[in-house]
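User: Let's go through this one together, one question at a time. Ready when you are.

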Amino acid sequence: MDRVEKSKEKFNQLFGAKVTASHPTDPDFQDILSHFIFGEVFLKGNLDDKQRELITLAVLTTNQTLPQLKAHVVAALNVGLTPVEIKEAVYQCTPYIGFPKTLNAINEVNEVFTAKNIALPIESQKTIDEDNRFQKGLDIQVEIFGDIIKKMHESAPSNQKHIQDYLSTFCFGDFYTRSGLDLKTRELLTICIISALGGTESQIKAHVQGNKNVGNDKETLITAITHCLPYMGFPRTLNALACVNEIIPEN
């Protein structure tokens with residue numbers, strides 16, 4: 001099949017046989033979009049459809065492109081993602097984009113779940129409590145980044161130590177410890193989220209190394225960032241790829 005036929009097949013798999021809202025008014029644009037995203041990008045590299053939809057949900061949440069997010073919640077369900085996995089991909093964005101934007105996305109997800117008769121709230125994925133959230137978060141940080149995390153805690157100025165504590169307790173304790181998605185998936189989503197934000201090259205480099213440490217190889221990172229391209233554009237894609245190449249040089 002050529003990319004046009006491939007795009008039709010993939011689109012139907014994700015969304016069902018329907019015409020998009022923009023096709024009657026902007027058919028040329030919609031064809032460019034569909035043929036590129038679903039006939040090329042969606043088929044490039046070593047990720048499966050579930051991984052691709054998780055990435056798409058995270059990047060659309062980051063970008064606050066909420067109508068498209070809502071459509072991809074349906075697509076995510078169609079390729080076999082569970083309500084828990086969908087919610088966790090959105091929740092994972094919170095430390096990087098903030099609560100208000102995440103709540104906007106949660107509202108869209110909940111509308112789809114309600115329409116699909118998926119009971120809310122879904123089951124809790126919490127694994128920590130008030131007494132251990134710091135230690136559990138710190139343990140995951142060290143697993144991802146190594147002992148440099150402990151040195152960062154020790155070297156932080158006294159008036160900024162609370163930020164390092166928040167990273168351990170909130171970002172990694174409250175979110176990375178949750179079940180529903182494994183550590184490799186959460187770390188892969190994170191690099192896509194911060195790549196989509198733009199201007200985060202220092203953090204991207206750290207998370208390239210973090211992804212490598214938890215078992216996501218360079219091919220996986222390139223595929224994930226390539227998958228983000230239609231949603232975040234070339235400048236942020238090229239910046240993210242430059243970070244990957246700096247941390248994991250070509251052989």
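User: Where is Cys93 found?

Analyst: First, a caveat: this is a predicted model, where local features need pLDDT of at least 70 and side-chain atom pairs count only at pLDDT 80 or more, while totals for chains, interfaces and linings use all residues. Residues are numbered from 1 along each chain as its sequence is written, and side-chain values use heavy atoms, with hydrogens and water left out. Helices are DSSP runs of H or I with at least four residues, numbered from the N terminus. On that numbering, Cys93 sits in the loop between α5 (83–91) and α6 (94–97).

User: Is Cys93 buried or exposed, and how far apart in space are Cys93 and Ile194?

Analyst: Buried means under 20% relative accessible area, exposed over 50%, and partly exposed in between, with a 1.4 Å probe and protein chains only. Cys93 has 0% relative accessibility, so it counts as buried. Along the sequence, Cys93 and Ile194 are 101 residues apart, yet C-alpha to C-alpha the separation is 8.9 Å.

User: What about Pro83: which helix holds it, and how far is it from Ala119 in space?

Analyst: Pro83 belongs to helix α5, and it is partly exposed, at a relative accessible area of 22%. In sequence, Pro83 and Ala119 are 36 residues apart; in space, C-alpha to C-alpha, they are 9.5 Å apart.

User: Which peptide bond is cis?

Analyst: Look at the loop between α7 (99–115) and α8, where Pro121 lies. Omega is near -5 degrees there, and the cis bond runs from Leu120 to Pro121.

User: Asn117 has a positive phi; is the residue buried or exposed?

Analyst: Asn117 is placed in the loop between α7 and α8, and its phi is near 60 degrees, although it isn't a glycine. Its relative accessible area is 70%, so Asn117 is exposed.

User: And Gln64, what is its relative accessible area?

Analyst: Gln64 is in the loop between α3 (49–63) and α4 (66–78). Phi is near 60 degrees for Gln64, again a positive value in a residue other than glycine. Gln64 comes out as partly exposed, with a relative accessible area of 21%.

User: What is the volume of the second largest pocket?

Analyst: On a 1 Å grid over the protein atoms alone, a pocket is an open set of points where a 1.4 Å probe fits, with protein on both sides within 12 Å along at least five of seven lines. Grid points are joined across faces, edges and corners, and the volume is the space filled by probe spheres set on the points. For the second largest pocket, that gives about 310 Å³.

User: Which helix gives the largest share of its lining?

Analyst: Lining residues have an atom within 4 Å of a point; there are 13, and the closest to the centre are Phe145, Met152, Leu167, Ala206 and His207. α8 (133–145), α9 (148–155), α10 (161–176) and α12 (201–214) each supply at least two lining residues. The largest share, 4 residues, is from α12.
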